[in-house]
Amino acid sequence: MPESITAFAPASIGNVGVGFDMLGLALEGAGDRVVARRTAKAGIVVSEVRGLDGELHPYLSTDPEHNTASIAAWAFWSEHGDSGGIDIAVHKGVPLQSGMGSSAASAVAAVVAVNALLDEPLARNCLLPYALQGEQYASKGIHADNVAPSLLGGLVLCPVFLLPETVSLPVPDGVSAVLLHPELQVNTAHARRGLAKAYSMQQWLTQQACLAGFIAACASGDIALIGRTLKDVVIEPQRSDAVPCFSEVKETAIAAGALGCSLSGSGPSIFALAEEGKARNIAVAMEQACRGFGIECQSWVSPMAAPGAAVED
Ligand code: HSE
């Protein structure tokens, strides 16, 4: 039996513009790590939480009841573990309140690591409900559009009413996701509370058409149709004002050849989809547009078929 297990879980793009709370895409290049160990004493301990700089995190809690990783890990271990306990250490690689699925990455990495401590680990898709419990603590809502792609990789359809079932969708070859993270913070729970509770028939029809068209376009590799359907007429207009550089960055991305561009999750991150050969230039252009507002930023370019969480030992 292994002494300790390290698991990595990637960042993710929630909503993917067209599918509020029900569509998510894994992102390669950024993610959280959790190291899990068995302990003789029952219960769970968070021995440390380290930030992006490798230092002890200044304000993420090590209280197991107030940490997304431990909430998820304990939900799992209390059902499937033995009478001993677990210790987890969390190493953040995803910036907080970034719209990159930071809380989901911690929760997923924790459950994947703790599952691997079992003599007979559960299948990957059985882990989703436990990771969701950690995510729910952070966002104060049930949505799997960060947890599901972080756990499973790629593009995942995960409407709440189907859970724990999710649908991994085909993605076209040669299309990349570009993710720009402006150094701002948006609290997801707050951003969710502020959303309108009612929408017009026209918005509903348009958004349904975009979601259906986008999924069909991804499945058939119809690049032009991705460009015509990657639109959010419902949520983006309500949230984009919280990101001062959004309109400029979006216009710049489209002008540089992106197929479409929208907020990643509740923002402030902004994602674009683009043909692979154009993606790096689009990332650079988006960074320049963002810095033009005096906002520091970082970008990633990822294949649409980015891998999900993995045990690293
Ligand atoms: N679907 C969630 C939201 C994702 O947009 O509120 C948050 O990352």
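1. Ground rules. Since the model is predicted, local features need pLDDT of at least 70 and side-chain atom pairs count only at pLDDT 80 or more, while totals for chains, interfaces and linings use all residues. Residues are numbered from 1 along each chain as its sequence is written, and side-chain values use heavy atoms, with hydrogens and water left out.

2. The aromatic pair. There is one aromatic pair in the structure: Phe-76 with Tyr-130, edge-to-face, at 5.3 Å centre to centre and 90° between the planes. The rule takes rings of Phe, Tyr and Trp (its six-membered ring) with centres within 6.5 Å, calling planes under 30 degrees apart stacked, over 60 edge-to-face and the rest tilted. Phe-76 belongs to helix α1 (residues 68–80) and Tyr-130 to helix α3 (residues 128–139), so the pair ties together parts that are 54 residues apart in sequence. Helices here are DSSP runs of H or I with at least four residues, strands are runs of E with at least two, and both are numbered from the N terminus. Phe-76 and Tyr-130 are both buried (under 20% relative accessible area; exposed is over 50%, partly exposed in between, with a 1.4 Å probe and protein chains only).

3. A charge over a ring. Lys-140 places its charged end over the ring of Tyr-137, 4.4 Å from the ring centre. The test wants NZ of Lys or CZ of Arg within 6 Å of the centre and within 35 degrees of the ring normal.

4. The sheet. Four strands make an open antiparallel sheet, ordered β8-β9-β7-β10; strands pair if DSSP finds at least two bridges between them. β8 (260–263) and β10 (297–303) are the edge strands, each pairing on one side only. From one strand to the next, the twist averages 20°. Helix α10 (residues 276–291) packs on this sheet, touching β7 (175–182), β8, β9 and β10, and its direction makes about 15° with that of β7. Contact means heavy atoms within 4.5 Å; axes are lines fitted to C-alpha atoms, for helices over the stretch in contact, with angles from 0 to 180 degrees between N-to-C directions.

5. Which residues of β9 face Cys-261 and Leu-263? Ala-272 stands opposite Cys-261, and Ile-270 stands opposite Leu-263. Four bridges join β8 to β9 (residues 270–275). Six residues lie between the two strands, and Gly-265 takes a positive phi near 55° in this hairpin.

6. Salt bridges across the chain. The count is ten, with a side-chain nitrogen of Lys or Arg within 4 Å of a carboxyl oxygen of Asp or Glu as the criterion. Asp-21 meets Arg-192 at 2.8 Å, N to O. This pair links distant parts of the chain, 171 residues apart: Asp-21 in the loop between β1 (4–14) and β2 (23–39), Arg-192 in helix α5 (residues 188–193). Asp-21 is buried at 13% relative accessibility, and Arg-192 is buried at 18%.

7. Other salt bridges. Glu-236 and Lys-250 also meet at 2.8 Å, N to O. Glu-236 sits in helix α8 (residues 236–239) and Lys-250 in helix α9 (residues 246–255), so this pair ties together parts 14 residues apart in sequence. Glu-236 is buried at 9%, whereas Lys-250 is partly exposed at 26%. Lys-278 bridges to Glu-275, with the closest N and O atoms 3.5 Å apart. Finally, Glu-287, Arg-291 and Glu-296 are linked in a salt-bridge network.
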